[in-house]
Amino acid sequence: MKHSSDNKFSTTTTIGIIIALLAVVLFISGIVMFFVSNKPASPTKNPPKTPSSATVPSSTSGAATKDSAVPSSDPSNAPDNTLPITEPTTPSIEPPKILQDLLSEGGINLDEITDNGTKQLIVVKSNGNSADIKFFERTGKLWKEDTSLSFTGYVGSEGTINPDEMSEEHQATPQGLYSIGEAFYQNNVPATGLSAFQITSGTYWVDDPESQFYNQRVKGTNEKDWNSAEDMANIPNYRYGFVINYNTECIPNKGSAIFFHVGSEPTQGCVSTSEDNVLAYLSKLEDSKNPYILII
C-alpha cells in the first residue's frame, strides 16, 4: 500500500509542475505580446513616398504645371498674405512757408534751384521801387531763412520788369532767377567767399548795344568801340557789390550792368541797399554754394 501511494503522488506532482510551467510560459508570452504591440514603430530607412495632390499624374509630360508647383524657398513665391519688404524712405522736408510763397510769386519751382546745386538764395521782393531783401540757405535738404540778413533796399526807379520787355531805355530791374557773379570793390578788399575784382581807373562796363563788348567789363580803352560805358571807378555806389548775371548772352539792347551794390535810393536798374548790408551779404556768399538771386 505504501508503494502504490508513492507512485500516485509522483504522478500528481509531475502533472502539477507541467501545468505550472505552462501557466508561466503563457504569462510571459502575454507580457511579451503586450510590449510588442505597444512599441512605437521605428522609421524605415527609405519611407514610402505618398503621392502629393500638387504633382501631375505620370500620364502627362512629367513636369509640374505653374499652378500646381510646390512653393520653393524663393521669396517671389511667397504666399499672398506675405507683405513685401520695403526700404525705409527719408521724408521730404518742406521749405519755410515764406520761401514757398516767394518762389510761387516768382513762378519758380523749388526743384529748379535745388537740382542745380544751389545752397544760397537771395530773394528781392519789390514794392514799386523799394524792396524787401531776404536770404535763405540750404543744408542737406533743409532750407532755412537767415533773418539776420533781412533788409530793405531799392530796385530800379521804374520798379521791376519782365525781362522780355527790358531795354536800355528802361530804368527798371529785370525780374527772374539769376546766378550771382563776381564781387567787386573800389578800395578795401571785402571778406567774401565769392571771386572778386578790384575797380580801378580804366575799369568800364559797356552799355552800348552796338559794341562787341556790350554788357561786359573791360579794362582800358585800347580796343574801344563803344560810345557809352559806365566808368565804374567814378561811381561811389560801386565801392562794394556783386554782379547779377543778367543777359550773359549779351543780346543787344536787352539791358546791361545789373548789379547788387551800395545805395540809399532807387537805381537805374540795379538792386541797392546800405553798405553794411552789402558787406554782410558779401561775407555770407560763397562760390562753392552756387548762389542765386530771385527778383520779383
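Residues are classed here as nonpolar (Ala, Val, Leu, Ile, Met, Phe, Trp, Tyr, Cys and Pro), charged (Asp, Glu, Lys and Arg) or polar (the others, Gly among them). The structure is a predicted model, in which local features need pLDDT of at least 70 and side-chain atom pairs count only at pLDDT 80 or more, while totals for chains, interfaces and linings use all residues. Residues are numbered from 1 along each chain as its sequence is written, and side-chain values use heavy atoms, with hydrogens and water left out.

Two pockets were examined. A pocket is defined on a 1 Å grid over the protein atoms alone, as an open set of points with protein on both sides within 12 Å along at least five of seven lines; its lining residues have an atom within 4 Å of a point. Volume is the space filled by probe spheres set on the points, which are joined across faces, edges and corners. The largest pocket holds about 420 Å³ of space. It is lined by 22 residues, of which Glu230, Tyr238, Gln268, Gly269 and Cys270 are the closest to its centre. This lining comprises eight nonpolar, 10 polar and four charged residues.

The second largest pocket holds about 170 Å³. Of its 13 lining residues, Glu182, Trp205, Asn215, Val243 and Asn245 are the closest to the centre. Seven nonpolar, four polar and two charged residues make up the lining of this second largest pocket. Strands S7 and S12 each supply at least two residues of that lining.

Strands (E, at least two residues) and helices (H or I, at least four) are DSSP runs, numbered from the N terminus. Strand S7 (residues 176-185) is largely enclosed by the rest of the structure, because seven of its 10 residues are buried, that is, under 20% relative accessible area with a 1.4 Å probe and protein chains only. Strands pair if DSSP finds at least two bridges between them. S7 is joined by four bridges to the antiparallel strand S15 (residues 292-295), where Leu294 is the bridge partner of Leu177. S7 also pairs with S12 (residues 240-244) in the antiparallel sense, over four bridges. Tyr185 stands opposite Tyr240 in S12 and opposite Gln198 in S8.

Thr118 lies in the loop between helix H3 (110-114) and strand S1 (120-127). Thr118 is buried, with a relative accessible area of 0%.

Technical notes. Buried < 20%, exposed > 50% of the residue type's maximum accessible area, 1.4 Å probe, protein only. 1 Å grid on protein atoms, 1.4 Å probe; cavity = no way out; pocket = protein on both sides within 12 Å on 5 of 7 lines; lining within 4 Å.
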